[in-house]
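Hello,

Here is the structure I promised to pass on. Please open it first, then read my notes below with the view beside you.

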Amino acid sequence: MKMRRPTIPIAKWKLATHLEATHEIQNQKGVPAYGCDCEWCFNWKHYWKVVLPEELQEQLKRVGVELDHPTDLYEFKSDEDGSSIRVIYHAVGKILEGPNQWKSTDIGEVLMYSTIREHPYLSLVVFPQSQSYDKAPVLKNRSAGELVRIDLRLVIPNEVIKSNVPDLRLTRR
């Protein structure tokens, strides 16, 4: 099996990914979503198939990300449109190209997401994990590349949340 694939696109970024090392860090013990059985983590296994565009799903799978097992996932807002969540994945490799993810403002450096679609809202940013303070998987084989953070912000529409998918435990409050 080829361990590094050159120029795999994820939205506006291109990555060279070390597939074996990426596989080793997936669903790693100690990351925030590992073994989490909260409603959002439980239901994400159903939601991603509905809310992520097929093209993005395929891109993430090609770099070795296990979509059922994010590194971190949480809801940060709920309103009439649905629930806004943040989903974070990691891969191992190198960012070959893509937009600058940081913008200088009067309050400091701000992380800039690229909008993938407006409705339902989905945005993405890809950057080196070394530029984040958040907890991440442990990379044992540093020669495989660096940890690359794939950070999504999206809205799960109320229609999806209220759907009658039999295994979903999340109910609107």
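Ser84 is buried, with a relative accessible area of 8%. Buried means under 20%, exposed means over 50%, and partly exposed lies in between, using a 1.4 Å probe and protein chains only. This is a predicted model, in which local features need pLDDT of at least 70 and side-chain atom pairs count only at pLDDT 80 or more, while totals for chains, interfaces and linings use all residues. Residues are numbered from 1 along each chain as its sequence is written, and side-chain values use heavy atoms, with hydrogens and water left out.

Ser84 sits in strand β4 (residues 82-97). Strands (E, at least two residues) and helices (H or I, at least four) are DSSP runs, numbered from the N terminus. Which residues does Ser84 touch, leaving out those up to four places away in sequence? They are Tyr74, Glu75, Phe76, Lys77, Leu154 and Val155. Contact here means heavy atoms within 4.5 Å.

Now the core. A nonpolar core is a set of buried Ala, Val, Leu, Ile, Met, Phe, Trp, Tyr and Cys residues joined through side-chain atoms within 4.5 Å. The largest has 36 residues. Ile10, Trp44, Ile150, Leu154 and Ile156 touch the most other members. Helix α2 (39-51) is among the elements that supply at least two residues. Ile156 touches Trp40, Trp44, Tyr47 and Val51, among others. Another core, of seven residues, lies apart from the largest one and includes Ala21 and Val92.

Last, look at helix α3 (residues 54-62). Its buried residues are Leu56, Gln57, Gln59 and Leu60. They lie on the same side of α3, because they cover an arc of only 165° around the axis. That arc is taken from the directions from the helix axis to the C-beta atoms. Glu54 and Glu55 are exposed, on the face turned away from the buried side. Just after α3, Gly64 takes a positive phi of about 100°.

Best wishes
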